[in-house]
Amino acid sequence: MHLLVPFASALSEAGRHTIRDLTLPNLDRLLARLEATERLGTDEYTLTPPHEAALAAARGWVGGAGALPFAAHAAREDGIEVLDLAWGQLTPVHWHVGRDEIVLTDPAALQLDEAESRALLESVRELFESEGFALAWGSPLRWYAAHESLVELPTASLDRVVGRNVDRWLPEGAQARLLRRLQNEVQMLLHTHPVNEAREARGALAVNSFWLSGCGRWQEAGADDLQLDARLRNPLLADDWAGWAEAWRALDAGPLAQLARDAERGEPVVLTLAGERFAQRFDAAGGSWLARLRQRFAHPSPADVLEAL
């Protein structure tokens, strides 16, 4: 089994302090039997976060940073016929406008229902279709657009932008000009939309923009037994460090404990831990029996491994 754990680390001072206070005995057991192998990523500013890069690598996808076909893959899972079109995911979002910056709120906080989502999508449909886009609805928080301009358009993953200033993450270049114009037109249309007026009347956040991500044509996903456990995502993006620590302890007591038992029985296991900068893969330790014995007594601590991500 290959277990991928996104949001396993954090660069903030509060996050690093939380890491140092964690006790993760089963991760420690795994690090005693596995060795670090492939490492993906560079820094916290790449359009594709490390966990998405690791997922794309496991699937055998080809593409540059921010240009991997996550939208086409999600669209097919939502029952949409993707054909050979270039797809992008349009996530309905709320931009919080502050004095000095515009911050993207976690879309989950919208609690958008199907009727609201469909009504909002239909209201912006003509804006997109008049420019040659095809639109499709996948779920309340997953809309899709298909257009040739999305073939290799680099866009930032939503996971990079939640809780952050959108300015540094907006798509740039000639390819993105049409999308930027459409974004402005959508924002003006949504400003007085009846759905938003009703939402604001009951104290809910308005849907005032969209986020484009995961652009590209469909690519087959290579066969693998990768399992993604994303339980650390929500508390980390919310800066809920007590919740993040609790999620880490549950992960350690559950999937990591099982992985450690499998490794100790000699079964093939793979672990990939992904932070904001890097995704580090761990495979069964090789070498002589003496080298493996040394690994068990001289392996890095969980805190050291996590802080390096």
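**Entry 1: helix α7**

I started on the face of α7 turned away from its buried side, and there I found the exposed residues A174, R177, M188 and H191. For me, exposed means over 50% relative accessible area, buried means under 20%, and partly exposed is in between (1.4 Å probe, protein chains only). Helices (H or I, at least four residues) and strands (E, at least two) are DSSP runs, numbered from the N terminus.

A note on the source: this is a predicted model, where local features need pLDDT of at least 70 and side-chain atom pairs count only at pLDDT 80 or more, while totals for chains, interfaces and linings use all residues. Residues are numbered from 1 along each chain as its sequence is written, and side-chain values use heavy atoms, with hydrogens and water left out.

Next I looked up the buried residues of α7, and they are A176, L178, L179, L182, Q183, V186 and L190. They cover an arc of only 145 degrees around the axis, which puts them on the same side of α7; the arc is that of the directions from the helix axis to the C-beta atoms. What do the buried residues of α7 pack against? I found β4 (95-97), α5 (114-129), α8 (194-201) and β8 (209-217), with contact meaning heavy atoms within 4.5 Å.

I also checked the length of α7 (residues 174-191): at 1.5 Å a residue, its 18 residues should span 26 Å, and the end C-alpha atoms are 27 Å apart, which agrees. The expected span is 1.5 Å times one less than the number of residues.

**Entry 2: helix α8**

I moved on to α8, where V195, N196 and R199 are buried. Seen down the axis, these buried residues fall within an arc of 95 degrees, so they line one face of α8. Their cover includes α5 and α7. On the other side of α8, I noted P194 and A201 as exposed. Just after α8, G203 takes a positive phi of about 85 degrees.

**Entry 3: two glutamates**

Is E276 buried or exposed? I have E276 down as buried, with a relative accessible area of 16%, although it is found in the loop between β10 (270-274) and β11 (278-284). Its side chain reaches the backbone nitrogen of L11 at 3.2 Å. Leaving aside neighbours within four places in sequence, I listed the contacts of E276, among them D43, E44, R160 and R164.

E38 lies in strand β2 (residues 34-41) and counts as partly exposed at 41% relative accessibility. Not counting residues up to four places away in sequence, E38 touches A279, Q280 and R281. I liked this pair: E38 and R281 are 243 residues apart in sequence, yet 5.3 Å apart in space, C-alpha to C-alpha.

**Entry 4: rings**

I paired rings of Phe, Tyr and Trp (its six-membered ring) if their centres lie within 6.5 Å; planes under 30 degrees apart count as stacked, over 60 as edge-to-face and the rest as tilted. By this rule the count comes to 4 aromatic pairs. W61 and F70 form an edge-to-face pair, 5.1 Å centre to centre with 75 degrees between the planes, and both W61 and F70 are buried. F128, F133 and F210 form one aromatic cluster.

Last, I looked for charges over rings (NZ of Lys or CZ of Arg within 6 Å of the ring centre and within 35 degrees of the ring normal). The charged end of R39 sits over the ring of F278, 4.2 Å from its centre, and that of R118 sits over the ring of W137, 3.7 Å from its centre.

Technical notes. A polar contact is a pair of N or O atoms within 3.5 Å; within protein, one must be able to donate a hydrogen and the other to accept it, and residues adjacent in sequence count only if both atoms are side-chain atoms.
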